[in-house]
Amino acid sequence: MKNADLHMHTTASDGGYTPRELVAKCKEVGLEFIAITDHDTVSGVAEAIEVGKTVGLTVIPGIEFSTKESGVSVHILGYGIDVTNEALLKMLDEQQKLRKKRMAEMVTKFANLNIHVNEADILKEADGGSIGRPHVARVLVNMGIVKDVAEAFELYLGEGKPCYVKKEREMTPMEALNWIAESKGVAVLAHPVYYHLDDKIADWVKTGLLQGVEVYHRDHDEAVQEHYEKLVQQLEESLDIQLLRTGGSDFHHEDYGRVREPLGVTRVENELALKLLARIV
């Protein structure tokens, strides 16, 4: 049965639905297993799990760490993490402070273009969650500066664009892998098609910290899926280990991002979720 989605976002980071709303919508479309993987925060996990219990849907706690390797943005998914781990929460709180500082610098850059973005409006869009560029983008949409979030990134917020602000400090993939291990989680490389870092995947797997690859993703066509399935198999044979394959929609909202697709269109076999759950301590 294909009723699992192991990569989803809520308003705790840059998604469009609260954890409660997202879980309810997932139930409506027949999903049975989901993972909440907000960017650099776990603040939406507890609510999602509680709602999941109420409606009869399994919610796997997760996070998506934003990292940088060889100048390339690399995302690492952490599943089954202890969302009460004090060291983890302290580190994530520091990350949020840096995000607020970055937001203020973006606002200044917009002001230099005579576009006056209100910080309070951005915070309102974030709704207490992890502040990111999509929140700034939605304010621009509300102001009538751009027609949608994609145009905001294309004209202003994408890397190299006039109002882009580089992160003050980029976490490395190895740091993320260690944080996931510290919080008793299972680390999986998100959407590898974006990176072209297959040699690095092998290196991370050899550390014993990276335990899987997101082979199936909304942006992975059949050829890409076959490529990463083959890579995972080769690593398993050469290292005599068992790696996880995961997948999901990377859902934020029907109207966000490059692809506008309804919730529940991209889904993976329940077996992948069950194997992931079996690996979680």
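Buried means under 20% relative accessible area, exposed over 50%, and partly exposed in between (1.4 Å probe, protein chains only). This is a predicted model, in which local features need pLDDT of at least 70, side-chain atom pairs count only at pLDDT 80 or more, and totals for chains, interfaces and linings use all residues. Residues are numbered from 1 along each chain as its sequence is written, and side-chain values use heavy atoms, with hydrogens and water left out.

View 1. Helices (H or I, at least four residues) and strands (E, at least two) are DSSP runs, numbered from the N terminus. The C-alpha trace spans about 60 × 45 × 40 Å along its principal axes. Of the 281 residues, 54% count as buried.

**View 2. Arg-245 and Glu-229.** These two side chains meet in a salt bridge, at 2.9 Å from N to O. The pair links distant parts of the chain: Arg-245 is in strand S7 (residues 244–248) and Glu-229 in helix H9 (residues 222–239), 16 residues apart. A salt bridge here is a side-chain nitrogen of Lys or Arg within 4 Å of a carboxyl oxygen of Asp or Glu. Arg-245 is buried, with a relative accessible area of 15%. Glu-229 is buried too, at 18%.

**View 3. Asp-40 and Arg-99.** The closest N and O atoms of this salt bridge are 2.5 Å apart. Asp-40 sits in the loop between strand S2 (33–36) and helix H2 (45–55), and Arg-99 in helix H3, so the pair ties together parts 59 residues apart in sequence. Asp-40 is buried at 2% relative accessibility. Arg-99 is buried at 15%.

**View 4. A salt-bridge network.** Asp-93, Glu-94 and Lys-97 are linked in this network. Lys-97 and Asp-93 meet at 3.7 Å, N to O. They are 4 residues apart in helix H3, so about one helical turn separates them. Lys-97 is partly exposed at 48% relative accessibility, and Asp-93 is partly exposed at 38%.

**View 5. His-191 and its contacts.** His-191 lies in the loop between strand S5 (186–189) and helix H8 (198–206). His-191 is buried, with a relative accessible area of 3%. Leaving aside neighbours within four places in sequence, its contacts (heavy atoms within 4.5 Å) include His-7, Glu-64, His-75 and Asp-250.

**View 6. Leu-113 in a loop.** Leu-113 is placed between helix H3 (86–112) and helix H4 (119–126). Leu-113 is partly exposed, at 42% relative accessible area. Not counting residues up to four places away in sequence, Leu-113 touches Tyr-156, Pro-162 and Cys-163.
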